[in-house]
Amino acid sequence: MWIADGWKDYELLDCGGGEKLERWGDQILVRPDPQAIWESDRKNRGWRTANARYSRSSTGGGHWDKNKLPESWPIAYKNLRFQVKPMNFKHTGLFPEQAANWDFAMDQIRRAGRPIRVLNLFAYTGGATVASAAAGASVCHVDAAKGMVAWAKENARVSGLQDAPIRWIVDDCAKFVEREIRRGKTYDAIIMDPPSYGRGPSGEVWKLEENLYPFVKLCARVLSDKPLFVILNSYTTGLAPSVLGYILQMLVGRRFGGHVTWDELGLPCTDSGMALPCGATGRWMSK
């Protein structure tokens with residue numbers, strides 16, 4: 001498991017009973033988590049005194065019960081800065097386990113010894129965009145949600161990267177890649193975090209099990225002659241990390257060589273000493 005253990009402003013305090021107790025800066029949150037099916041003794045007082053709790057509804061969805069919680073607040077990861085805030089569907093705008101992938105990307109970019117162009121697809125609020133730009137890459141950030149791209153710009157600004165070479169694109173990822181292919185544009189690295197299910201701007205239906213392989217095959221066509229790395233992430237329940245690795249091996253490794261690794265992402269839990277599984281990632285790297 002690749003464990004994101006470099007945080008100071010985020011901490012998974014405890015988890016169990018289908019929930020997790022987290023510290024985001026000075027704010028304590030309780031959120032549902034489908035992986036935490038074991039029991040917890042819940043001795044941590046944060047379970048009782050949390051600033052906010054997200055409660056699921058029996059009819060679907062859910063809501064936040066907030067005591068004293070700011071509308072948004074800053075947190076830091078190493079030299080990166082982000083604004084977080086409670087959103088619909090329990091989210092905060094940041095997936096802290098992705099720091100393991102940020103570290104990987106930053107290390108690859110810094111050791112490359114040449115200018116690196118990164119394409120970040122389904123880029124959300126820009127964690128990987130900010131990390132890649134901070135490491136010295138030029139980045140193309142693509143997401144279909146205008147509000148998420150605006151949030152990502154804010155994260156770049158608070159990280160001091162407002163003047164970094166980042167292109168901000170609001171578009172359907174597949175259509176954007178198709179246009180880049182026609183334009184002859186290429187990238188040295190691609191980061192992808194596609195959803196399990198979604199709809200495009202014109203109502204196109206995305207189902208990961210049906211669309212992931214052809215989408216990665218499409219994206220491989222915008223890789224440069226000397227690509228550096230590809231990261232493929234998924235939160236789809238039941239999709240093994242090895243599936244992501246095999247896709248990258250078939251579509252990238254067979255063409256460019258290099259090697260592929262895959263594993264779960266995880267967050268260390270302070271009270272139990274265990275690591276909470278948080279999705280799967282496959283990585284291809286040139287060397």
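**Close-up 1. The start of helix α5, where Asp172 reaches toward Ala174.** In this predicted model, a side-chain oxygen of Asp172 comes to within 3.3 Å of the backbone nitrogen of Ala174. The helix itself covers residues 173–183.

**Close-up 2. The buried residues of α5.** Which residues of α5 are buried? They are Cys173, Phe176, Val177 and Glu180. Look down the axis of α5 and these buried residues fall within an arc of 100°, so they line one face of the helix.

**Close-up 3. Asp188, in the loop between α5 and β12.** Strand β12 spans 189–192, and Asp188 is found in the loop that leads there from α5. Is Asp188 buried or exposed? Its relative accessibility is 3%, so Asp188 counts as buried, the cut-off being under 20%. The side chain of Asp188 makes a polar contact of 2.8 Å with the side chain of Ser224. Leaving aside residues up to four places away in sequence, Asp188 touches Arg114, Pro115, Ile116 and Arg117, and also Ser224, Lys226, Pro227, Leu228 and Phe229.

**Close-up 4. An open sheet of 5 strands.** Follow the strands across and the order is β2-β3-β4-β5-β6, with mixed pairing. At the edges stand β2 (10–16) and β6 (62–66); each has a single partner strand, so one side of each is left without a neighbour in the sheet. On average, neighbouring strands of this sheet are turned by 20° against each other, direction ignored.

**Close-up 5. Where β5 meets β6.** Strand β5 (residues 52–56) and β6 run antiparallel, and 5 bridges join them. For one of the pairings, find Ser55: its bridge partner in β6 is His63.

**Close-up 6. Phe95, in the loop between β8 and α2.** This loop sits between β8 (80–84) and α2 (99–111). Phe95 is partly exposed, with a relative accessible area of 23%. Which residues does Phe95 touch, not counting those up to four places away in sequence? They are Trp102, Tyr124 and Tyr235. Asn79 is 16 residues from Phe95 in sequence, and the two are 17 Å apart in space, C-alpha to C-alpha.

How values were computed:
Residues numbered from 1 in each chain as written. Predicted model: local features only at pLDDT ≥ 70, side-chain atom pairs only at ≥ 80, totals over all residues. Heavy atoms only, no water. Buried < 20%, exposed > 50% of the residue type's maximum accessible area, 1.4 Å probe, protein only. Helix = DSSP H or I, 4+ residues; strand = E, 2+ residues; numbered from the N terminus. Arc of directions from axis to C-beta. Polar contact = N/O pair within 3.5 Å; in protein donor to acceptor, adjacent residues only side chain to side chain. Pairing = 2+ DSSP bridges. Axes fitted to C-alpha atoms, helices over the stretch in contact; angles between N-to-C directions. Contact = heavy atoms within 4.5 Å.
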